[in-house]
Amino acid sequence: MTRILAGAAGREIRHLYLAELRGAFRERNVVINTVLLPVLLYPVLLWVLINGILLVRGQAEKLESRVAVASLPAEHRGILERLAENERIAIEPAADGAAAGARRETLADDVETRIAAGDLDAALGFEPLAERAGDFRAVVVHDSAREASANAGTRLLDVLRAYRDDWLRTRAAALVEPAEWDGFRLERANLATSAQMGAMILGLIAPLYFVIMVAVGCMYPAVDATAGEHERGTWETTLTLAASRLSIVTAKYLYVTTLGFIAGVLNLTAMTLSLGSVLAPMMAGDQERVGFQVPWTMLPWLLLGALLLAGSIAAAMMMVAVFARSFREGQALVTPVYLLSFLPVLFLGREGLELTPALAVIPVVNVAMLVREVLGGSLPWGPAALTVGVELALIAVLLAVASRVIRHEDVLTGSFIGGPMTFLRQRMRRGSRPPAEVSP
Amino acid sequence: MSEAPVRTAGLSKSFWEASRGRIDAVADVTFSCRPGEIFGFLGANGAGKTTTLRMLATILSPTAGDAWIYDHSVLREPQEVRRCLGFYSASTALYPRLTAAETLELFARINGLPEPRVRARRDELIARFGIGKYADARIEKLSTGMKQKVSIARTIAHDPPVLVFDEPTVGLDVLNAIELQKVIAELRSEGKTILFSTHIMSEAERLCDRIAIIHQGRIHACDSLEGLRARTGLHYLEDIFVRIVGEADALHAEAV
């Protein structure tokens with residue numbers, strides 16, 4: 001590679017590569033897939049998600065919960081007062097039998113039918129306990145499959161818990177001094193820093209979208225640089241240039257890799273910034289604060305990961321795209337590579353998964369895991385080095401195959417009809433076809 | 001070292017098709033060009049003109065034989081061949097997203113024009129073809145006539161001594177075709193060796209110093225127009241062409 005990039009070949013590759021890039025950034029589809037989509041995807045997704053949640057929540061909050069209370073013990077009439085104070089709760093009369101102190105079965109028969117029919121959202125019933133006279137169990141009946149009913153159940157429980165806490169406090173105060181129970185406090189301590197929390201969330205989300213975006217970034221340019229040239233009638237023009245075939249293929253490969261790399265890096269940046277500016281403030285009210293920051297020391301590894309991933313996906317896509325003679329054929333050939341590139345990553349969402357030597361030998365998955373580790377601020381050196389080695393070897397093999405394929409004149413000139421499998425079948429059948437290779 | 005800028009020896013090209021088997025598109029073509037002449041290939045569609053010229057331009061590789069451009073073999077030194085050659089055909093479109101100026105620079109650079117001369121050559125060509133007003137416009141925005149000018153300019157961007165024009169007037173209106181013929185004649189007067197293929201008799205008559213009549217992949221006659229007239233006793237090139245092709249078909253029928 002060093003030899004290629006030096007001297008005349010390097011000059012050829014540089015000029016061809018720059019011409020490809022210059023042209024690409026004047027193409028709307030390339031700009032959309034490589035720049036706009038990776039940058040806008042997360043803000044838009046988060047905006048839609050958050051607004052959707054707020055809308056649903058808001059609508060649920062506005063709804064009045066119709067609840068019924070049955071078999072209420074006389075000393076707890078205060079519950080009714082508390083419920084009446086809540087503007088979002090409307091007390092409906094319970095059935096006669098239940099109101100008169102029927103057992104839970106009666107409440108179930110009557111109230112559950114009304115809840116299931118949607119006439120009532122939730123009900124509160126009291127059942128005496130056998131252990132001691134006067135003791136009881138309060139039961140909240142609701143239908144979790146129905147948003148309004150689930151909401152009503154929660155509201156009832158909130159009111160009931162608050163009432164119960166006050167009641168217990170009053171009873172306890174009669175027995176011991178408040179200072180004594182105050183000596184047993186409950187607190188929760190999270191050892192993770194806000195940055196670590198952010199890294200954990202980012203590590204779960206980022207790898208999948210990162211791989212998808214790199215693949216999206218490579219897809220259009222791979223088809224554009226091969227089938228696109230046939231379709232525009234510029235392929236023969238390119239072949240008349242005094243550059244070696246290897247230089248032409250290398251320049252196109254570097255162009256596809258560059259766009260995949262740009263898409264990947266922009267995507268990671270946009271994701272980090274979007275989560276930091278949208279999600280973090282939303283979560284600030286919770287017990288844990290979350291910060292989305294990528295450690296600066298890990299940036300070179302992220303860039304390397306993006307480069308390796310773009311390099312391998314670009315090589316795989318180019319290898320099949322060289323068979324295409326039109327955009328439609330190109331997209332049909334490249335789409336399976338696109339899907340194959342990110343499908344394994346779908347299974348990496350599990351928390352606690354680490355980059356092990358076994359995962360480091362699986363292409364694409366290894367880079368996705370490397371990115372995940374790096375976002376988490378850790379770097380297992382052995383598997384990371386193995387990942388780099390495996391990806392470089394994969395790129396070398398794919399490019400070697402692509403350069404062998406392109407030497408076949410019919411593929412090079414676009415007269416070959418079929419995809420990689422047809423090509424393999426035909427070339428493996430010995431003597432079925434005269435050799436038609438061109439000088440590199 | 002040969003004096004002929006372009007020569008071929010037994011140049012052949014076979015294709016393979018599943019339905020038709022082996023097809024000999026070009027068979028045993030041998031000719032040589034003199035410096036500064038326009039050498040025409042006259043033949044019907046599918047005669048083998050384009051395949052021959054594509055082999056000379058190293059787009060296709062010969063199945064047998066060889067060709068040399070200034071002693072550079074198309075088989076062994078394809079890049080050197082491409083540096084010595086400018087190739088123009090109806091199927092070599094321009095890069096639509098580059099501007100005319102960028103196109104000229106790219107072709108000059110890649111085809112080996114020394115870097116200090118690139119910009120001067122670009123400006124010279126822009127002035128020569130009158131495309132200054134559109135030099136910074138993307139090719140996709142240009143009119144057909146303007147694209148044609150840029151196409152010729154990019155063909156000679158690296159100032160090659162040999163030019164190949166493969167049916168250059170196909171699809172052009174009369175005025176643009178005449179304009180192109182003028183440019184080709186000018187290039188000859190500048191000392192370029194030009195290979196020109198056509199199936200239009202009047203073009204061949206008007207432009208070519210020598211004409212090779214190609215039919216079913218073989219050259220059946222190669223001479224100046226006067227030489228062809230003397231050989232056949234006919235005046236018009238169309239009649240000459242029909243006679244020679246007819247004789248070739250008769251010979252072929254006898255052989256079969």
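Biologist: How many residues of chain A are in contact with chain B, and how many of chain B with chain A?
Modeller: 25 residues of chain A are in contact with 27 residues of chain B. Contact here is two residues whose C-beta atoms, placed from the backbone, lie within 7 Å. This is a predicted model: local features need pLDDT of at least 70, side-chain atom pairs count only at pLDDT 80 or more, and totals for chains, interfaces and linings use all residues. Residues are numbered from 1 along each chain as its sequence is written, with chains lettered from A and ligands numbered from 1 in the order in which they are written.

Biologist: Which element gives the largest share of the side of chain A that touches chain B?
Modeller: α2(A), with six residues. Helices (H or I, at least four residues) and strands (E, at least two) are DSSP runs, numbered from the N terminus.

Biologist: What classes of residue are on that side of chain A?
Modeller: Eight nonpolar, nine polar and eight charged. Ala, Val, Leu, Ile, Met, Phe, Trp, Tyr, Cys and Pro count as nonpolar, Asp, Glu, Lys and Arg as charged, and the others, Gly among them, as polar.

Biologist: Switching to the sheet in chain B. What is the strand order?
Modeller: β6-β7-β8-β3-β9-β10 in chain B, an open sheet of six strands with mixed pairing. Two strands pair if DSSP finds at least two bridges between them.

Biologist: Why is one side of β6 and of β10 in chain B left without a neighbour?
Modeller: β6 (85-89) and β10 (218-223) of chain B stand at the edges, so each has a single partner strand.

Biologist: How many bridges join β9(B) to β10(B)?
Modeller: Five, and the two strands run antiparallel. Ala212(B), for one, has Cys222(B) in β10(B) as its bridge partner.

Biologist: Which strands does helix α5 of chain B touch?
Modeller: α5 (residues 144-155) packs on the sheet against β6 and β7 (162-166) of chain B, and its direction makes about 160 degrees with that of β6(B). Axes are lines fitted to C-alpha atoms, for helices over the stretch in contact, and angles run from 0 to 180 degrees between N-to-C directions.

Biologist: And where does α6 of chain B lie?
Modeller: Across β3 (38-42), β7 and β8 (193-198) of chain B, at about 155 degrees to β8(B).

Biologist: What are the domains of chain B?
Modeller: Domain 1 is 1-22 + 32-67 + 75-84 + 161-256, and domain 2 is 92-160. Those bounds come from an automatic or database domain assignment. Their C-alpha centres lie 26 Å apart. The contact takes 11 residues from domain 1 of chain B and nine from domain 2 of chain B.
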